[in-house]
Structures are given as structure tokens and as C-alpha cells.
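Please open the model in your viewer and keep the sequence panel beside it, so that each selection can be followed in both places. The tour moves from one selection to the next and says what is found at each stop.

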Amino acid sequence: MSVVGRKNRTGLRFALALACTLLFLFPIYWIAAISVKTPEEIFAYPLVWLPGSFNFNNYLVLFRDGDAWSVFHSLVTAGTSTVIAMVLGTFAAYSLARYKTGGNHLSLWIISQRMVPQISIAFPVFLLFVSLKLIDTYAGLIILYTAFNLPYVIWMMRGYIQDVPIELEQSAMIDGLSPFQVILKVVFPMVRAGLFATAVFTFIFAWNDFLFALILTRSEVVTYPVQVTGYFGSQSTFWGKIGAMSMLGMLPMFFVVATMQKYIVRGMSMGAVKG
Amino acid sequence: MTSTLRNLLPAAVAIGVLATTAPSLAQSAADVAVEAAKKYAGTELTLLYEAGLQPLDPINLTGPMWEELTGIKIKVVEAPVDQLFTKMIQETKAGTGAYDILNVIPNQMPDLALAGALEPLDGYIEKYGYADEIHGIGKVYRENQMTVEGTTYGLADDGDVLLLYYRKDIFEDPDLQAAFKEKFGYDLAPPKTWKEFNEISGFITEKLGPEVHGSGMHFQPGNFQYMFQERFRVEGGKFFDPETMRATVNGPVGLKVLNDIKADIETMPKGVEQWGFIEMLNAFMDGQIAMTESWPPVGRWTAGYGRDTEALNWLPETKVGGKVGYALPPGGTPELAIGFSLAVSSTSKNKEAAYLFAQWMNSEEISLQRVQLPYAMRDPFRESHYADPEYRSRWDGAGEYLDALKAGSETGLLDLSLIQTDRYEEALRQAIGRLMANEDPQTILDDLAKQWDGLTDRIGVEKQKRVYADWASKPNAYPN
Amino acid sequence: MTRIFQFRYLILAPAIFFILLIGLYPFLKLLITSFQNITMFADDYGFAGFVHYARLMDDGRFWASVLRTVVFTAIALPIELGLGLAMAYLFLERVPLKQVFVALILLPTVISPIVAGSTWRLMFDNRFGPINQIIGWFAGHEVKLLWTVDTSLAWPAILIADVWQWTPFMFLFLLTALSAVDQEQIEAASLDGASRWRTFRYIVLPAITPVMAIAMLIRGLDLFRIFDIVWTMTQGGPGTLTETISVYAYQMAFREFDVSYSAAFALAIIVVLTGVVLSFLRMVEVER
């Protein structure tokens, strides 16, 4: 193919990629626009496509009224549970991968735990947490998200660990490292990309959870998805607040995706074949 | 900060007045409550409130005021209105005692009482002599939104009623009046029947369209199901046969009502089937519709009342300030849609303190301030509210507004209330949704009747029959 | 040797403890409750036999919700897969600013389904949403499409929202899988004169099947349990048209507090779902 031809092909692909990206971004743009529009602009007809000015009042209101705390609550619960799940889950995955603990049955059982629909166990979990005094607490949500994410972490990390050549661990053991040190010093670095990829998806799951947060919180640790639904009223829909809260809830995600992007892709391609 | 200060001003004034006049007057219910509650100083009461604007009342005004007076802290937990019932039953079933004071929608009261979620209040009412001030509450609210089978479970706290709002300037336009009289033979005025409504709406749309339509309504099922309940009864419909407890919504009256609604929609702006409260409010405030039927806040907000407060700055500017008229909807018996009563949770650990707070909030003195809050969602519900000179002078049409509300509190129709009302309402909401999606009305009604009958069978025909009879025997269940 | 024996259980135990905490108690409670008779009004703890399961079998609304959910899954999954594949091919070759585009395209997947549902609900609003405006430009006149209220538009609306949110997820999986395919084999095949389609069918497809299977499993499961997007967009309406299994379950458990019935419902779903997934996994394991 001629050089010009190739350039055209690349140019075409670029245009298509751009179009694709814009298409997917449009709704996000729309919500962002809502969050900075004035009330008149939100309810204007015909539609206002570009906000006239950047009216950050909605954001200010969220911070002033304390609604913005919900983002913090989400950060704490999702972040902590992710860390715990990654640590416990990776060690557990090692046990399954290298020692084949529990054989096929155990791993299948663990995976099946992820298949449970949330709505099914919401009320029993509520009752359990009532008796353990975990309702509306950080501890409660953290325990819940950890437990819910562990099967996924174990499943994914098992695959990544199995990809690591066992000779590395064996030679480390010969060098005198304890099994624990082997995991920490040899295995962890090897599966770093997989760790990141799994951690990101684990965090996302906890961050975006709605149903459990709805059932298990009242007022102290309301997370941001629940906060957003509170703005849909019978006699008032606070679209401005919905927009601003949505954007606040998206920001950490943008950050995560932007910084972790290459790890995610690399991590997924590593574990891709084994799963 | 300034708006909070502004809102604390009435509290400061009230406290000042209380301090200077208390010894010389007989103790008001508010005072009694405060005095009795002081012994609970240092405790905390949790209040369950509908999320949105409603909680601003206890957060900005009554909570701090109460704490100042009694030393009891108030904590507010918010939930979207369709979550309130869920949260109350959830906590009751688990026996957590998480909430002390509840906001109960009156037609859910039987279910909540039956499920054991509410504490009977008669004992407290007697102990603290509240019966007197209860008499000051608007008749229909008082008689129908507080008791279940004779036991008092709640204090009616909100004068929710659906009024007709119309554009006075359009109705008073001489050219339009002449043309209308010529075409239809009667004067252009707020419609007394739904037939008139349709004629007026069509006329205005014809003359002033497409910028202005004759009417627009919030057809979203959650809102409109109340309007259907009202209109169905105004046209003579009965929900059930009292002997057999079979649903009779799918008779000729039901069909007529649905067809009439569709005919009305023809005169309304395109897409009205999807309108929720905000869309309707926006259309009216923007001058796009000449009539609508809705809750009391519409009357205040379209007049521009409270627009300058921070809590309401998400509202667009009203272009119809000073042009809004208030009337009872066609038929003259408006629906007392939704509403709220203050109740005490049966699993509360501070029942007496909770009751005292409720009594205090609901009392003549405090409730008057609450219903005048510009961002308030509590609508006037006491005789004294309707007559209050300060309220009546708040904006040009305020007197007329309060008169209409008062009329509504006398002739209003109760929301249907049975065992598991929510399930029946759910079926009704679904039927409305299907009507908006243009399905065949008779089919919709037949299915609705079938669903209702299925529910009645499962709940128990005899049980439901008794509850229905109890409800239907109330003077405001059906128009006379 | 005993040291290793203890070690492997030691590092596994905390994880298992957590999983059991949330997995075991609720499961047992559901089991027990499903044989009792607990409703909103009565807490009857006596043994009630299989009455709730029988009712479940007879419950038309339940089966309707199952049918709807299955049909929706069967439609959404191939669309997301196909679009994801197409996009993955697009980004496979050299594209300037590829990293930026990929990161941006991933955004819909990482936001809360609640936010996604709310956003699309607004987008589809007849008065305040841009979708109808855009369609109007193409149609040349104003269109009145009531997406969340019209029986023929409610499911398409939900479908569009879900495809928007999750195609990037499939795209990511497939991109990584495609990148891992052995380039030499492909070149050899095209040198031999094989068509693009044959190359895909016999070289690429087998190579990406394991990843595709995992992605389909995860997505299929999530579609089956879909709740957040449906809840914010239509709440299961109009009528019960978009009532999926989870939405109906929510109504039963948290609106009507038909606790025992919900328990039977929940168990039935868990059992069926687990069965389906386990057989799928066994199939995949066997193939490997």
C-alpha cells in the first residue's frame, strides 16, 4: 500500500475513533452541562446546548449542605474494602493456585458466590447487620463490599498467579525465604498489572453499588448513588444537584481510569487467556 | 448563612414572645409540650422525613428551636417519598428503634398500624390536654387523617389538597370572554364540571395556541393516580361494590373518565403524557398553560413567593406572578392527595419525648410559623392558618389562595384507604401508565379491576370489606 | 510438611470467613424463612411447607419477569459483544491518541448505573432532553417520543442506556484479547489467500474465545440481575412492561414485605443462576 494510502487509512480510523469517543461521551457532557446550567437554562425550551456560563452554584450547595460528604463516604467504604479484599483475596488465590486447596469444589463454590443477585440477600443481610449493630456504619458497608468482592478477586488473581512461572518461587524458597515472603517479594511484583486491574474493577463495583447502600444506611454513611436518588422528588426534581452530584461521583473514576489505564489494559491481557 | 439566620428570626421572636407572655396566658399546647419535654434534655430524637425541601423545616427552624427550648437534639433522616413506607416497615420488622418520629402518609396509616409500626397516641393526647388544639385542625384532615378504627395514630400535619390554578388574566380578557360566551353560552370562568373544563381548555388552545394551551397536567402515574381517584368519584363512580367487595372501576363511569381524559389531552401541549410535577410547574410558570390542577406549593411558587430564598433558587423565574387565580377543581370536591401526619414509632426508645415534639410541631403556634416558611412544603391545615392576617398579606392573591384551601379542607375527598393500599395504588399507577401509552381504556380498566379483585381475594374478602366499609362511611369518602 | 499444611489454610481462612459471613447466614435465613409465613402484618414462624414455592410456580407475574429478563439479556449481550468487537478492531491498528480515546471511552462503564440511568432518563425526556431534538433534526420536524412511557419505546430506551454503558466493557476485554492474537498466523493465512472472514473464523475466533466467554459470562450475569438502570428510568413501568426479575423481587421484598414469599423467590433465583453458571464454567474448564 502506498504511503498516502496508509495515511488515509490512519486518518479514517482516527476520524472513526473520534466519532466513537464523542458519541460515548455525549451523555456525560450533557450531565456535566446540567450541573453548571442556571435553572432557566435547564428548563429552557428549545434546549440550551451550551451553558451560557459556568454556574458552579450547584456544587457550592452540595458542599454547603453537606451532601458532598456522600462522596467521602463512598471513598472510605469502597477504598477500604478494596484494599482488604485485594490483600485477603490474593493470599487466598495463592492458596488455591499453588496448593489447589479444596480442589475444584472450593473454587467453584467461591465463584458461585459472586452470582448471587443482590436483591435476594438484601433483607437477610439487613437483619444480620441489625443484630451485629452494623447498620449505617462504615464497618458494615466495608465488610459487605469486601465479602462481595472477594470471590471476584480470588478468581482473577488465581489466574494471574498461575501464569507466574513456579520456578521463580521454588528458587526463592531454596534461597531461604519463607512461603509468606515468597508471596510478598516474588509473586506480588510479578502480578502487579493484574493486581491493579483487579483492584480497579473491585473498587468500581463497591463505588457504584446502590441497592445495599440504600438498604443498609440511614443518614450517617449515605453513599453517593443513594444521595443522587434522593434528588428525585415527587414535587421537585433537583436536576442541578443530580448533575453536580453525578459529576462529583464520577471524578474519582476519571482519575482512576486516567492513571491506571495502562495497567488495566496490560493486566487484562495478562490474565486474558487464563481468565 | 443569612437565610438560616433569616429563618431563625421567627424562632427568636417566638421565644421572645413566649418568654414575655407565658406567665400571663393559659398554657398553649406548645408550652405544655416544651415544659414536659425538658426532663428529657440531653437525649436525641430521630425524625424520618421526605427528602427534598421538606426536611428544611426541622433542619433550619423547628429542630434548632426545640433544642433551644428543651435541650433535646433533633436528628433528621431523609428518604425519597416512595421509600418512606419501606424504611418504616423495615425498621419495625427488625425492631431497631431507629426512628422516633415518623411522617406518615395518611392512607398508608392502616397498613402501618396493622403492621404494628405506630404507637397509639390517645393516652398522650389526654395526658397533655391536646384535644383542644386538635379541634383547630381543618375538619377533613382531623377526622380522616389521624385515626385507624378509632385509635389515634397520627397528628394531621399537612393540608395537601389538589386545587385548580388558572390564569386570571386570560380568563378576564374581555375579547375572549365575549367569544367564549357566544360559542358556548355560558360565562368564561373556572370550570365547575369536567365538561366545562374540556370546552374551556380546547377554546383557549384554539385561540391562543400554540404559545399558550388551555391546560396541562402532570400525568406521571405517581401524581396522576390521585387526580383519577378524584375525577372518577366526581363523575359518580364507586371503587367497589360494598356487598361483594368486587371492583367496579371498569364500569361505564370509569370508561367515560378515561375517554374524557384522553379528550382533554388533545387540548394540551404535546408530550404532556410524560409530564411530572416539574414539567407542569415549569410550563405554568412560563405562561404556556392556562389551567392546571395540583398541590398547594404551586399556588405559592407561581406567585413568586419564596423565590429569593436559597432553598428555592433552583426554580425558574415565574412569569405569571400576580396573574394566578385559585379555585376548587371541577366538581368542587378536591382530592386530599397524599398529606402527612406526624406519628410515633412503636419501636422508639423515647416515645413520650417523641410525642411531645410532635405535639409541639403540630400546635397552633408553631405550625403557623411552619406553614409560612417560604420553602415549606407543609401546607396550611388549621383554621387559624387560613385566617391568619400575616399570611393573607404575603402576596396579592394570598387571601384567595387560603380561602380556596379552606374550602378544600371542608369538601375534600379522601385518598382510597384499605389494607395494603399501596398495592391497589400500584395497580392504579400501572393503569395510568398504560393509558398514557395509548392502550385501549376498557381493557386497561378490566385489567385493573381484575388486579384489584385478585388483591382483595388474597388479603381476604371479609377483612377488606370491613376496612372498606369503614372508609366509605366517612363523609368525605364519596361526594354527596 | 505440617508447616505448609497449616500455611495454605491460614492464608485462605480470612477470605473464606468474610465470604461465609455474607454468604452463609443470609442463605440459611432465606431457606428457613421460605418455609415460614412472614408477611408485612404477621410473623408466623411455623412450618408452612412448600406453599410459597407452589405460589411461585403459579405466579404469572414472576414468569413474565423471567421471560422479559431473559429476552433482554439475549438481545443486549450480542449487541454489546458485536459493537465491542467492531470497536476493538478499530483500535487494534495504529490510531493517534489511542490511549486518550480508550480512557475516555471507558468512562461510561465506570460510572454508577444509577447515574447512567438518571442521565439517560433526562436525555430521553420529551421536553428537556436532547435525543428527541436530534431525531427531530433528522426527521425535519418536531418529534414527540415518550421514551419512558410508551410501551414500544421503554425497552429500547433501557437497551440504549445499557448498551451505552457496557459496550466499552466488552470493548476493553476484546481489545486485550485481540492484541494477544498471534500476528504471524494471521499474516501466514492472508499470504495463503484466505479471506478476512475465514481468517477471523478459524484463527482469531478460537484465540479470543476464552476471554470472550468470560466477558459474556460476567455481562450475561449482570444483565440477568439488572436493577439500577431500570429502576431509575422506568421503575418497571409502564405498567409492568419493564419489570425485570430484580425489580419484581424488590417490589415483593421492600414494598409489600412479603418476606417469606420473597425468600422463596430469592432462593429459586440463586439456585437457578448458580446452576447455569456452574455448568457454563464446567464447560469452559473442560474445553481447556
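Begin with chain C and colour its two domains separately: taken over C-alpha atoms, the centres of domain 1 of chain C and domain 2 of chain C are separated by 30 Å. To make the selection, take 24-58 + 258-288 for domain 1 of chain C and 67-256 for domain 2 of chain C, bounds that come from an automatic or database domain assignment. Where these domains meet, the contact takes eleven residues from domain 1 of chain C and nine residues from domain 2 of chain C, two residues being in contact if their C-beta atoms, placed from the backbone, lie within 7 Å. On the side of domain 1 of chain C that touches domain 2 of chain C, nine residues are nonpolar, one is polar and one is charged; here Ala, Val, Leu, Ile, Met, Phe, Trp, Tyr, Cys and Pro count as nonpolar, Asp, Glu, Lys and Arg as charged, and the others, Gly among them, as polar.

Before going further, note that this is a predicted model, in which local features need pLDDT of at least 70 and side-chain atom pairs count only at pLDDT 80 or more, while totals for chains, interfaces and linings use all residues. Residues are numbered from 1 along each chain as its sequence is written, and chains are lettered from A and ligands numbered from 1 in the order in which they are written.

Now show the whole of chain C as a cartoon, where 13 helices and two strands can be traced; helices (H or I, at least four residues) and strands (E, at least two) are DSSP runs, numbered from the N terminus. The C-alpha trace of chain C spans about 75 × 75 × 30 Å along its principal axes. Its radius of gyration is 24 Å, whereas a compact globule of 288 residues would have one near 19 Å, the value being taken over C-alpha atoms and the globule rule being 2.2 Å times the number of residues to the power 0.38. Of the contacts in chain C between residues at least 6 apart in sequence, 68% join residues at least 24 apart.

Next, colour by pLDDT, the predictor's confidence in each residue, from 0 to 100. Chain A has a mean of 85, and 92% of its residues reach 70 or more. Within chain A, confidence is lowest in helix 13 of chain A, at a mean of 78, and highest in helix 4 of chain A, at 92. For the model, the scores are ipTM 0.85 and pTM 0.85.

For the last stop, select A:Y231, in the loop between helix 12 and helix 13 of chain A. Is A:Y231 buried or exposed? A:Y231 is buried because 22 other C-beta atoms lie within 10 Å; a residue is buried if 20 or more other C-beta atoms, placed from the backbone, lie within 10 Å of its own, exposed if 12 or fewer, and partly exposed in between. Not counting residues up to four places away in sequence, A:Y231 touches A:T237, A:F238, A:K241 and A:I242. Of these, A:I242 is eleven residues from A:Y231 in sequence and 6.4 Å away in space, C-alpha to C-alpha.
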